Protein chains: 2
Amino acid sequence: MANDALRRQRRTGRRPGENRSRDAIAAAALRQFGARGFDAVTIRAIAQDAGVDPALVLHFFGTKQSLFEGLVQFPIEPWVVEKLLAPGVEGLGERLARFVIGQLRGGEVGEAMVGLLRTAAAHPRAAELLRERYVRDLLEPLAAGLKADRPELRASLCSSQLLGLAVAERIIGLPPLVEAEPDVLVKIYGPTLQRYLTETLPI
Amino acid sequence: MANDALRRQRRTGRRPGENRSRDAIAAAALRQFGARGFDAVTIRAIAQDAGVDPALVLHFFGTKQSLFEGLVQFPIEPWVVEKLLAPGVEGLGERLARFVIGQLRGGEVGEAMVGLLRTAAAHPRAAELLRERYVRDLLEPLAAGLKADRPELRASLCSSQLLGLAVAERIIGLPPLVEAEPDVLVKIYGPTLQRYLTETLPI
């Protein structure tokens, strides 16, 4: 255990406790940005939510702006797209719907995406950062796995439906979507996404 | 002309010049909220954009908060849904897509909706106001015109796709959507909306 901790410290240059504090701050920042928007959130509120001293937030992340910039890469893990694509394009629409809807109903990635969306909506610079990461880590890998015409447009069409569900359910809060069973939404949105991904586009 | 102006003044209790200033302030506020988000916008910036004195903004609208609350009813006109529904449900998906996509590419209603969306994303109270108006003035009238099972869910599904297009194109700015011809998007999204509106839902 001591050796593990030592190896970890050598590898990252950080003590394990520091990593825990960093993760706690990142998670708290996403919660706070998501619930209240970029402007209303203070370093103090993030520190309080994370159970650390405000000075530690500044030590790890610098300004609120640079903290946000660091968070943009937090929720989008390349393995997500890889895993969804692994069984092939058949059924991909439904797998994609199931993953995103599951996340919107309480997953960590969903919380983070809603937090980023809220912040991007109010801050053009945040929107630009989100677009760069979104295109590089989600849209392009998904497009590359499609082997169809206009793969980037197809991936973007899926994004437009899934982002819209996030906004309609989590930001505006339209009651029929908020109240719908996840399985029902998967069955409705799966075929829409599959059409965007693999069917002939009327172009 | 003088009589018209007089009648107008009697009817509204305002001089025509006042109405023009009010409209100019409302339009400027939506532009400013849309471009920069609620928090970053000042009464002074709105006044400057509208070409009026800041005192006039406060005179007409009171605080920035009450100005925003007044704007929520601005873009959503009941005649929009009536007009889209008038020819019946056949082709409604395409008409709805054409209207919204046209607005997103430069219409006044589109600008206003993007401005409201940006503000709602960062401000829970704004989101609540937007939801109330959205449900009352768009979702319920659309649902009432469908004569199908689960009309509110169907109208909400359409909203989720159209809001998502607004977010993906105008807020995040995904290049394949930004660069697509409006007619192409109408042909792609029309059938999705039509399916949500009239086809059997897999529930």
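## Extent of the interface

In this predicted model, 47 residues of chain B are in contact with 47 residues of chain A, and the two chains bury about 3,700 Å² between them, of which 70% lies on carbon and sulfur atoms. Of the area that chain B buries against chain A, 16% is supplied by B:Ala121, B:Ile172 and B:Ile188, more than by any other three residues.

## Composition of the chain B side

The side of chain B that touches chain A has 32 nonpolar residues, together with eight polar and seven charged ones. Across the interface of chain B and chain A zero salt bridges are found, whereas 16 residue pairs are in polar contact between the two chains, counting pairs with both residues at pLDDT 80 or more.

Several helices of chain B each supply at least two residues of this side, namely H2 (16-40), H8 (108-122), H9 (124-144), H10 (151-172), H11 (175-178) and H12 (182-198). The largest share comes from H10(B), with 14 residues.

## Helix H4 of chain A

Helix H4 of chain A spans residues 54-61, and within this helix A:Val57, A:Phe60 and A:Phe61 are buried. Because the buried residues of H4(A) fall within an arc of 75° when seen down the helix axis, they line one face of the helix.

At the start of H4(A), the backbone nitrogen of A:Ala55 has a side-chain oxygen of A:Asp53 within 2.9 Å, while after the helix comes A:Gly62, with a positive phi near 70°.

Definitions and conventions
Residues numbered from 1 in each chain as written. Chains lettered and ligands numbered in written order. Heavy atoms only, no water. Contact = heavy atoms within 4.5 Å. Buried area = accessible area lost by both parts, 1.4 Å probe. Salt bridge = Lys/Arg side-chain N within 4 Å of Asp/Glu carboxyl O. Polar contact = N/O pair within 3.5 Å; in protein donor to acceptor, adjacent residues only side chain to side chain. Helix = DSSP H or I, 4+ residues; strand = E, 2+ residues; numbered from the N terminus. Nonpolar A, V, L, I, M, F, W, Y, C, P; charged D, E, K, R; others polar. Buried < 20%, exposed > 50% of the residue type's maximum accessible area, 1.4 Å probe, protein only. Arc of directions from axis to C-beta.
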